[in-house]
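Me: I have a structure open and want to learn how to read it. Can we go through it feature by feature?

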Amino acid sequence: MADTSVPKALEALTLSKTKELKGTEKRDTLVEIEKKYQLKWEEDHIFEVDAPSTTEIPLDSITADELREKYPKFFGTIAYPYMNGRLHAGHAFSFSKIEFHTGFARMQGKRCLFPLGYHCTGLPIKASADKLVKEVEMFGRDFQRYKEKDEEEAVPVVPKGAKDDVTKFNAKKGKAAAKTVKVKYQFQILQSIGIPMEEIHLFADPQYWLQFFPPECKKDLTNFGARIDWRRQFVTTEANPYYDAFVRWQMIRLKELNKIKFGKRYTIYSIKDGQPCMDHDRSEGEGVLPQEYTALKLKVLEWAPKAAEKLKGKLPEGANVFLVPATLRPETMYGQTCCFVGPSLSYGVFKAAENEYYVITERAAKNMAFQGAFAQEGVIEKAADVLGSDLIGTLINAPLSFHPQVRVLPMDTVLATKGTGVVTSVPSDSPDDFAMVTELAKKADFYGIKKEWAELEVIPIIQTPTSDLLAPYLVKKLKISSPKDTKQLLEAKELAYKEGFYQGVLKVGDFKGEKVEVAKPKVREQLVKAGEAFAYCEPENKVVSRSGDECSVALLDQWYIDYGEESWRAIAYDYVENKDGTGLNTYSSDTQHAFKGVVDWLRQWACARTYGLGSKIPWDPHFLVESLSDSTVYMAYYTVAHWLHKDLFGREKGKGDIAPEQMIDEVWDYIFCRAPLTDDVITKSKIPKATLEGMRREFEYFYPLDLRVSGKDLIPNHLTFFLYNHIALFPREYWPRSVRANGHLQLNGEKMSKSTGNFMTLDDVVKKYGADAARVALADAGDGISDSNFVEDVADNTILRFYNNKEWIEETVKGVDQLRTGELNSFQDALFDNEMNGLVNDAKKYYEETSYKLALKAGHYDFLNARDSYREACNAAGIALHKDLVFKYIRLQALILTPIAPHWAEYIWQEVLGEKTSIQFARYPDVPAADPILTAAREYVRQTASSVNSAEAAQLKRMAKGKTSDFDPKKPKKLTVFVTESFPAWQAKYIELLQEVWDPATNTQNLDDKDLNGRIGKMGEMKKAMPFVQSLKKRLRDGEPADAVFSRKLAFDEKTTLLAMVPGLKRTAGLESVQIVAVAEGSKKGKNLTNGGEEVDIKTPVADSAIPGQPSFLFENV
């Protein structure tokens, strides 16, 4: 029997940092409702949507635009999830954006298509399956031979490294960096996600992953309440012959368009796997690209004694040996004064050709071996090992340098993990080099060198606006005293590179007088032609394949997509820039900037591999299409998937009764509006004309894709490829309309991580909180491209809110006879009715903007608060709630929450309001715009009630400081509210200023806040003027008429409003009585409005602080 105990390696996965629930009765009640309606929606096929049929509207009787105008539609997708595990909360966050948008679009009367497929292409599944094969051999079928003492190790996190090229966009986190698992073996990972130990061996077959995880994904999303049309689901790779045919068509057409090419190019490469290692094949280093250097050949003229002794007899007589530094700045080689090695580093002497050897690190040799630098491709032949310290003092030739012969010197900061481990020194333009040679000259004896070796003249070679010896200048300016001043040296390096490259002019050499950025490639070409240099590439940062291999760079003959083609790139850039508003909507400038950055640097992308799962390259079938190249236009496949097959794998024909082999390339061309329908296509495919027209109708109706949602980490690859491929393959009217990139999801304010226990799958979240509470917490998490935060307390509190609101609604409806009827009153009823209208329209605006956090606030939190305020106001006034408003509230609350919390909304809709059809078919409520006068009155009521509490607290605070007062809060008390109709004279000039800079047409100020504040400051009275001006601006932005604001009139009757508030104030503040007294500026008399306007004496200075809209308050004992 298998050992089912949890090994120590899994302990980190079983300790959860997530919130512990104390009671689940309310949650269980809500979940029961959710399950009921999820089943009902599935039985009624609520989310299955089709284009208007060609029987209903013949294909050629109407244009696609006219059809979409007559029958509005929405088509949205998320990047299909990879099927090597369960969906987690981060997946759910991206899903929620499409889910909420789809829910709202349905309420706009649109036919909404939200489909989902399953990505299985590439290396991860195959690599994991292969690991399991080995682990079964090691530990037995059920891993019974595994012992706890077996090695455990943590999967490392991608290290933070300096960015080599600041023009390239990189997501802050990639999928690979988003999680670490404190386990070593694949079987442990599967066990940690709930796979029974006795079933894990089945995953040694890569095809089993395709059978197991897609149904789990569907189950999790169904439990989440997703509005997905499951008829259109599919898996990628050859496992589905229809999708396989679609990918073949895509690749063939791209090749015909000369977008796919064949040739030598540098690519990240796994020697272990024997193939390129693209982004989705990596466990570390997602987004890392090849970095190209110029490798310089510095010929050894005389070995240092230790090196000569070490190498004696190991090299052929007369062999040419070169130290080979890799540089990004070949144009500076005129200024070489020495060459650095790491004294503690180990170097190899590698055979490059007959009688030619290179001194470099082992890592560099691995790269060069697959770049044509060695005699035999992929063969590394090492003649000897030598320590860096043994090389110090070696005399070498320095190509192009004014000092033809230089020495090898020590530099402790040389890394074996960057370049070749050999660094040529140009102290005129490299601050690091200048600092080091200065140090060596000062401490020659300490470093074991001759002082003169480090004192060769530093010759100016590049003129910049600052200096022709830029490095010495910056070292002096930044007060760098030694190579250990790393922070200042990093700053100096960046300054030197930018100024030297972009503003420098060569002072020497064959290209004297030319700008550095122009001369650089010419100098490089000159060196290469002279045989003194060659091209060398390595990964920008560390890359590890999913098979555990640290990758290098290979120069391979391979199929690649030429995303750098100038005309293609220009079209993509213009579409992203969207100057005329007909291009790509990215919802945020950050997302647009990221796309533009990628389009700027993206060039060639390998689209083929030999290992993994996928579809074969049609014209070169021993290659597979790589995983980021078969997933660029599959959204088009969704439109016809249900016509082709009924199941994931395409084993059962769909509504079109079409076999996979009938889907020839010409059929795809017709369906996707690339070509007309001819008799030849019908004859060759044997597909009836009506069926072909039906599929074309589906595509031309639902396309273009209205919204694509994905994590921001896919902008540098998938999302940009997605744009390029649509541009290449489809007419412009079918290019994607928008992309919404979201940040990564934190959990309770911390990064999600299995190793720390701060991790939840989607199944975990839904089981713990139910679907609607989870959806609310996801909406509340955030909407921007920066990282968002799923807070469990939000989900937990939502359970309570939904349950209590449901209970209140049911009890209130049950006691309907106790509700008030007849005309609405002008205070409590009018304000509540108006506030509901305003919040419904606010939520609509936010839904349209895809600002779901704000939509949730308006449609749930504020809506609930509005109801509670209405209840309190009616209770204080001693009147019942009005029946019409109660039912309006219930109806509106259900409707405006439908996109985010559809289960709760459906329950209220059908079981409380008695509606017969699903709320999923309901329209978003159309209510009048909020009346700004009533809005202003409502805001006044809230502010005044708050101010009363603050005034009492302030009066008590003064007493606590020892100031005399007759007021005792423990005794019966009364409140006098002083109100006035006249504004203080000092405010007039500020009203005139605001009137001058305010544009009533746009309801905005035409002067920025900084300048406006400056003008206010010059007018004096800043302390009281600023709050006054801000209050005026708020009134204007809230919709009050500008004439009323600038004429210093309130939009509502303040006295009448205060009198209406009296009952509520008495109750909430525990007062015996409330007096409303009208006063005039400077007068000692007032009118008691609560007593028929009788004249009263004003004895307190508090009355003088009252202004229209801001009454003053006095508490006294009675």
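Reply: We start with the whole chain, then take a sheet, some rings and a few single residues. Keep in mind that this is a predicted model.

Me: How many helices and strands does the chain have?

Reply: The chain has 37 helices and 36 strands. Its C-alpha atoms fill a box of roughly 120 × 80 × 65 Å along the principal axes.

Me: What share of the residues counts as buried?

Reply: Of the 1118 residues, 57% count as buried. Look at contacts too. Among those with a separation of 6 or more, 76% are between residues 24 or more positions apart.

Me: Now the sheet. How do strands of a sheet pair?

Reply: They pair through backbone hydrogen bonds, either parallel or antiparallel. Here, an open sheet of 9 strands runs in the order β13-β11-β12-β8-β7-β14-β15-β10-β16, and the pairing is mixed.

Me: Which strands are at the edges?

Reply: β13 (382-387) and β16 (422-425) are the edge strands, each pairing on one side only. Ignoring direction, neighbouring strands of this sheet are turned by 35 degrees against each other on average.

Me: In which sense do β11 and β12 pair?

Reply: Strand β11 (residues 346-353) and strand β12 (residues 356-360) pair in the antiparallel sense, over 5 bridges. One point to find on screen: F350 has Y358 in β12 as its bridge partner.

Me: Which strands does helix α12 touch?

Reply: Helix α12 (residues 431-442) packs on the sheet and touches β10 (338-341), β15 (405-410) and β16. The direction of α12 makes about 90 degrees with that of β10.

Me: On to the rings. How many aromatic pairs are there?

Reply: A search of the whole structure finds 67 aromatic pairs. Read each by centre distance and plane angle. Y80 and Y634 are stacked, at 3.6 Å centre to centre with 0 degrees between the planes. This pair links distant parts of the chain, 554 residues apart. Y80 is in the loop between β1 (73-78) and α4 (89-107), while Y634 is in helix α19 (residues 634-638).

Me: Are these two tyrosines, Y80 and Y634, buried or exposed?

Reply: Use the cut-off: buried means under 20% relative accessible area. Y80 has 6%, so it is buried. Y634 has 0%, so it counts as buried.

Me: Why is the pair of F203 and Y208 called edge-to-face?

Reply: Because the planes of F203 and Y208 are at 85 degrees, with the ring centres 4.8 Å apart. The cut-off for edge-to-face is over 60 degrees. Both F203 and Y208 are buried.

Me: Where do charged side chains sit over rings?

Reply: One case is R651, whose charged end is over the ring of F649, 4.2 Å from its centre. Another is R867, which lies over the face of W808 at 4.4 Å from the ring centre.

Me: What does the side chain of E1040 make a polar contact with?

Reply: It contacts the side chain of R1035, at 3.1 Å. E1040 lies in the loop between α35 (1022-1037) and α36 (1042-1046). At 8% relative accessibility, E1040 counts as buried.

Me: Last, the backbone. Which peptide bond is cis?

Reply: The bond from Y703 to P704 is cis, with omega near 5 degrees. P704 lies in the loop between α23 (689-702) and β25 (707-711). K479 is not a glycine, yet its phi is positive, near 55 degrees. K479 is in the loop between α14 (470-477) and α15 (486-503). At 70% relative accessibility, K479 counts as exposed.

Conventions. Residues numbered from 1 in each chain as written. Heavy atoms only, no water. Pairing = 2+ DSSP bridges. Helix = DSSP H or I, 4+ residues; strand = E, 2+ residues; numbered from the N terminus. Axes fitted to C-alpha atoms, helices over the stretch in contact; angles between N-to-C directions. Contact = heavy atoms within 4.5 Å. Phe/Tyr/Trp six-rings, centres within 6.5 Å; stacked < 30°, edge-to-face > 60°. Buried < 20%, exposed > 50% of the residue type's maximum accessible area, 1.4 Å probe, protein only. Lys NZ or Arg CZ within 6 Å of the ring centre and 35° of its normal. Polar contact = N/O pair within 3.5 Å; in protein donor to acceptor, adjacent residues only side chain to side chain.
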